[in-house]
Amino acid sequence: MSQTDLNVAERLLSGDPEGFDEFVESYRRKLFQYSFLMCGHREDAEEVAQETLMRVFSNLDQLRDPQSLKSWVFRIAKNECLMKRRKSVFAPEHELSLEDLHPRAGSGGELQKIEIGDWSGLPDDAAQRSEYRRIIGEAIRDLPETYRAVILLRDVEELTTEEAASVLDISTDLVKTRLHRARLALRQKLDGYLRSEFQRQSEEVSHG
Amino acid sequence: MANDDCAGVFARLSEYLDRELPDLSCEEIERHISDCAPCVQFLESLRKSIDLTRGFSAEEQPSPMPDDVRERLRGLFETARARKR
């Protein structure tokens, strides 16, 4: 959990009146995004976010440690999502294989021929740019559900391996395996995008 | 440089970046990487891709929260606080 999230959790639990508004504002967005990317329906995601907040506040007296607030909230959200049972519109469940996610070696097996896009050209503010937000959003949606859940909790929400494991009721080893494959799949998608972008740009330059 | 070495390194790069590997495995990876340009390139691209995902905020945002919902939540919050004391 990031320092900002921890500050929000501490203020909420200390009973600071501004802590309530701050928490609601931050988590209704986080919960909506998580549920939307997990279940794929806007309506369901709005409901999950609201139901989760209701449950959180109804049981808030049971929570003492600000460190465990975020994983506790997401555990409730995960269960609310499961209760929606509507079939996700995103990628169907399947295993991601490591072999498909590594860069390919040349036909002779020489690693020098591995093709990796030129990532040095990635703009510093890429995370704020809408074209990158769109491509990352698409890449996340294309992941099978079990991998998507892990990348949302570990990288997007920055929960620890142990926290993500407790939210999802799986082992830490499984969190690590799925996270790595999900990251490789995302990297591959971005790599493809960067390559086509730079090729387009260099063509524009050469055709002046 | 054998292809197998790179594959072995690739498989552990997330744990390496997350500092979840024992020292010995880190040293092994660093030794391999110091001598393997494609692995360095791959590691950098993975690192940048993870950075882009951190705190990712999708273009779809929730609708504003209705006032009555916010008030209900505030009521539950006050009740829970009172119970805790």
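Residues are numbered from 1 along each chain as its sequence is written, while chains are lettered from A and ligands numbered from 1 in the order in which they are written. Because the model is predicted, local features need pLDDT of at least 70 and side-chain atom pairs count only at pLDDT 80 or more, whereas totals for chains, interfaces and linings use all residues.

Chain A is assigned domain 1 (3-84) and domain 2 (98-207), with bounds that come from an automatic or database domain assignment. The centres of these two domains of chain A, taken over C-alpha atoms, are separated by 27 Å. Nine residues of domain 1 of chain A are in contact with twelve residues of domain 2 of chain A, where contact requires that the C-beta atoms of two residues, placed from the backbone, lie within 7 Å. On the side of domain 1 of chain A that touches domain 2 of chain A, helix H2 (17-39) and helix H4 (69-84) of chain A each supply at least two residues, and H4(A) gives the most, with five residues. Helices here (H or I, at least four residues) and strands (E, at least two) are DSSP runs, numbered from the N terminus. By class, this side of domain 1 of chain A that touches domain 2 of chain A has four nonpolar, one polar and four charged residues; Ala, Val, Leu, Ile, Met, Phe, Trp, Tyr, Cys and Pro count as nonpolar, Asp, Glu, Lys and Arg as charged, and the others, Gly among them, as polar.

The largest nonpolar core has 55 residues, and those with the most contacts inside it are A:Val73, A:Ala77, A:Val150, A:Ile151, A:Leu153 and A:Ala182. Such a core is a set of buried Ala, Val, Leu, Ile, Met, Phe, Trp, Tyr and Cys residues joined through C-beta atoms within 7 Å; a residue is buried if 20 or more other C-beta atoms lie within 10 Å of its own, exposed if 12 or fewer, and partly exposed in between, with C-beta atoms placed from the backbone. H2(A) provides the largest share of this core, ten residues. Because domain 1 (3-84) and domain 2 (98-207) of chain A both give residues to this core, it lies between them. A second, separate core of seven residues includes B:Cys6, B:Val9, B:Leu13 and B:Ile50.

H4(A) can be followed in more detail. Its 16 residues reach 23 Å from first C-alpha to last, close to the 22 Å expected at 1.5 Å a residue, where the expected span is 1.5 Å times one less than the number of residues. Among the buried residues of H4(A) are A:Trp72, A:Val73, A:Phe74, A:Ile76 and A:Ala77, and the buried residues of H4(A) pack against H1, H2, H3, H7 and H8 of chain A. Not counting residues up to four places away in sequence, A:Ala77 touches A:Leu31, A:Tyr34, A:Ser35, A:Val48 and A:Thr52.

In helix H8 (residues 161-168) of chain A, the buried residues are A:Glu163, A:Ala164, A:Ala165 and A:Val167, and what covers them includes H4, H7 and H9 of chain A. After H8(A) comes A:Asp169, whose phi is positive, near 55 degrees.

A:Leu12, in helix H1 (residues 3-14) of chain A, is buried, with 26 other C-beta atoms within 10 Å, and touches A:Gly19, A:Phe20 and A:Phe23, not counting residues up to four places away in sequence. A:Asp118, in the loop between helix H5 (98-101) and H6 of chain A, is partly exposed, with 13 other C-beta atoms within 10 Å, and touches A:Leu194 and A:Phe198 under that sequence limit of four places.

Chain B has four helices and zero strands, and follows the pattern α-α-α-α along its sequence. Its radius of gyration is 23 Å, whereas a compact globule of 85 residues would have one near 12 Å; the radius is taken over C-alpha atoms, and the globule rule is 2.2 Å times the number of residues to the power 0.38. Buried residues make up 16% of the 85 residues in chain B. The contact between the chains takes 51 residues from chain A and 40 residues from chain B, and the side of chain A that touches chain B has 27 nonpolar, eleven polar and 13 charged residues.
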